[in-house]
Amino acid sequence: AAAGGAGAAAALWSEVNRCGQNGDFARALKSVNKILQISKDDVTALQCKVVCLIQNGNFKEALSVINTHTKVLTSDVIAFEKAYCEYRLNRIENALKTIQSASQQTDKLKELYGQVLYRLERYDDCLAAYRDLIRNSQDEYEEERKTNLSAVVAAQSTWEKVMPEDLGLREATYELCYNSACTLIGQGKLNEAMKKLQKAEELCRQSLSEDSDVTEEDIEAELAIIHGQMAYIMQLQGRTEDALQLYNQIIKLKPTDVGLLAVIANNIITINKDQNVFDSKKKVKLTNAEGVEHKLSKKQLQAIEFNKALLAMYTNQADQCRKLSASLQSQSPEHLLPVLIQAAQLCREKQHAKAVGLLQDFADQHPANAAEIKLTMAQLKIAQGSVTKACMILRSIEELQHKPGMVSALVTMYSHEEDIDSAIEVFTQAIQWYQQFQARTNYGCCVFQPKSPVHLSLIREAANFKLKHGRKKEAISDLEELWKQNPKDVHTLAQLISAYSLVDPEKAKVLSKHLPSSDTMSLKVDVDALENSHGATYVRKKAGKLAGDNQQKEQGQGDVKKKKKKKKGKLPKNYDPKVTPDPERWLPMRERSYYRGRKKGKKKDQVGKGTQGSTTAGSSELDASRTASSPPTSPRPGSAAAVSATSNVIPPRHQKPAGAPATKKKQQQKKKKGAKGGW
């Protein structure tokens with residue numbers, strides 16, 4: 001029976017060997033199970049079973065087998081398989097412990113150790129591990145190790161902003177070119193990175209087109225990550241339309257990499273911002289796919305969560321926004337963005353005081369980040385119109401008080417509030433800070449040290465500000481300091497003399513002696529060329545012409561100067577020399593003695609309350625102005641009486657042709673004949 005069992009086991013082992021060589025691990029697993037039925041504690045059979053399960057992707061079952069048979073499968077025997085299963089199940093910390101607990105560090109364990117360190121984002125240790133591997137191993141996997149090494153350098157450049165060193169890697173593959181492009185993006189060299197990506201695309205097409213089994217769709221799927229990085233560069237360069245178009249093309253390909261889809265969806269959301277919210281809500285679903293958290297770095301996942309909170313705010317989902325931002329704050333208590341998002345949401349709800357209080361609490365709890373928070377608080381106060389309170393908040397940021405930008409902002413705000421004393425105080429504090437700083441740096445030095453350009457610039461701005469607002473007495477000390485630093489500065493000296501002229505005239509006279517003489521101030525300018533140049537407002541007359549004029553004046557000094565003839569004024573066409581002009585002709589018509597108001601149409605007095613077009617029979621009889629006894633209010637132009645009378649003479653400018661009234665009457669008669677009654 002024992003001999004029969006041994007023969008069966010030998011046949012099963014040969015079956016396992018044959019299936020393993022053919023890659024049929026499912027069938028090999030069946031044979032291994034039969035062997036374990038014969039000998040359940042066979043170490044080799046258990047190892048083979050674990051390997052078959054790993055090859056079939058059953059990592060949980062393989063790890064269960066290892067943990068069940070710990071007495072037989074010790075860490076020395078199966079350390080790599082156990083660590084690999086834990087790595088594939090995303091139990092990265094456990095995989096690291098398993099590797100570190102192994103008594104012997106094989107090449108396989110070192111390779112896996114490098115991968116584990118990369119996933120844990122311990123890039124410095126990972127870089128050292130891959131360098132050791134490349135230095136101490138020579139096999140067909142050297143190109144893959146170099147690719148992993150370049151990926152570590154790219155991650156350092158992107159996430160840790162570390163200046164990468166030149167590793168001397170030859171970019172012969174599209175993976176190496178791609179990683180090199182990512183490194184350049186981390187350095188901000190976008191144009192160079194785009195060229196690298198174009199080279200990577202070309203190499204990828206060449207390498208994949210050599211395989212006859214690879215279709216165009218497979219090539220496009222492989223190029224998706226390269227195109228995604230190209231679109232990201234376009235987005236950073238401000239070419240958002242081109243980037244958006246390329247992003248959408250990648251999404252249409254439906255790549256299997258959930259990490260790539262999540263990053264692209266997040267970038268589209270950042271382009272949309274508070275616009276096209278419906279599209280953003282659709283894209284955000286791609287960031288929630290299963291397994292995304294294992295494909296992306298911590299900073300990428302954090303950025304996606306921030307954008308989810310912002311999208312909730314833009315879509316007026318206040319509770320969701322608060323929930324997401326609170327979760328982010330619990331994960332990263334010292335991070336600024338969660339509390340800023342919460343404050344922005346409160347501002348959208350018109351709760352500005354509550355938002356300022358929230359920011360103040362965060363600034364008190366995290367003094368290291370107080371400066372950025374206080375700047376936001378000041379902005380909120382300015383939006384509320386509390387400029388003075390905003391100035392108080394800004395002045396409480398000690399590390400920024402002396403910065404030129406902060407000084408400029410505070411002075412501008414105080415000037416807007418007409419608080420000149422506070423503005424001058426801001427200048428004084430900043431200047432004192434630079435004086436103390438210079439004293440600390442020059443401690444024990446007796447030689448005169450010139451002031452820094454920023455310090456001198458602040459002193460000059462303070463002096464100009466005081467002079468502008470009439471504080472000349474206060475500006476004297478600043479101007480003296482500036483002149484002391486540069487005695488050749490004529491402009492500063494002139495300002496100083498001007499300031500002293502109102503305070504101490506004698507001192508101004510003494511200082512004026514330091515002004516350069518007119519000879520030294522003269523500029524080498526050709527006055528004649530300047531005066532005769534194109535565009536000059538004054539052009540001097542030629543010398544010959546001037547000499548001739550002088551001679552004529554000398555000869556005829558006793559002669560009477562000839563008067564210029566005045567041009568005769570134009571007379572009206574109907575001017576009559578026999579008629580005396582109206583003495584009031586220069587006055588406006590309304591101010592003349594004979595003006596009786598403007599006539600408001602001649603037909604109005606003829607319109608009655610009858611049918612349309614009819615006139616009142618006795619309207620002319622009832623008009624008192626038409627009676628013979630009443631004198632005419634003003635002479636009628638063109639009439640004989642107007643010409644013969646002396647008191648009612650019409651001026652020449654207002655005389656009209658004699659036939660003008662007659663033609664008007666004829667026109668009125670024609671109109672009356674053509675008029676028709678009725679509606």
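The largest cavity is lined by Asn266, Ile269, Val284, Thr287, Ile304, Asn307, Lys308 and Leu311. The model is a predicted one, and it contains one cavity of 30 Å³ or more. The volume of the largest cavity is about 30 Å³. By residue class, its lining comprises four nonpolar residues, three polar residues and one charged residue. Helix H16 provides the largest share of this lining, with four residues. Helices H14 and H16 each supply at least two of the lining residues.

Helix H14 covers residues 258-272. Its end C-alpha atoms lie 21 Å apart, in agreement with the 21 Å that its 15 residues should span at 1.5 Å a residue. At the start of the helix, a side-chain oxygen of Asp257 comes to within 3.0 Å of the backbone nitrogen of Gly259. Just after the other end, Lys273 adopts a positive phi of about 55 degrees.

H14 is mostly covered, with twelve of its 15 residues buried. The buried set consists of Gly259, Leu260, Leu261, Ala262, Ile264, Ala265, Asn266, Asn267, Ile268, Ile269, Ile271 and Asn272. Among these buried residues are Asn266 and Ile269, both of which also belong to the cavity lining. The cover over the buried residues of H14 includes helices H12 (216-236), H13 (240-252), H15 (277-283) and H16 (298-314).

How values were computed:
Residues are numbered from 1 along each chain as its sequence is written. This is a predicted model: local features need pLDDT of at least 70, side-chain atom pairs count only at pLDDT 80 or more; totals for chains, interfaces and linings use all residues. Side-chain values use heavy atoms; hydrogens and water are left out. The expected span of a helix is 1.5 Å times one less than its number of residues. Buried means under 20% relative accessible area, exposed over 50%, partly exposed in between (1.4 Å probe, protein chains only). Contact means heavy atoms within 4.5 Å. A polar contact is a pair of N or O atoms within 3.5 Å; within protein, one must be able to donate a hydrogen and the other to accept it, and residues adjacent in sequence count only if both atoms are side-chain atoms. On a 1 Å grid over the protein atoms alone, a cavity is a set of points where a 1.4 Å probe fits but cannot get out, and a pocket is an open set with protein on both sides within 12 Å along at least five of seven lines; lining residues have an atom within 4 Å of a point. Grid points are joined across faces, edges and corners, and a volume is the space filled by probe spheres set on the points. Ala, Val, Leu, Ile, Met, Phe, Trp, Tyr, Cys and Pro count as nonpolar, Asp, Glu, Lys and Arg as charged, and the others, Gly among them, as polar.
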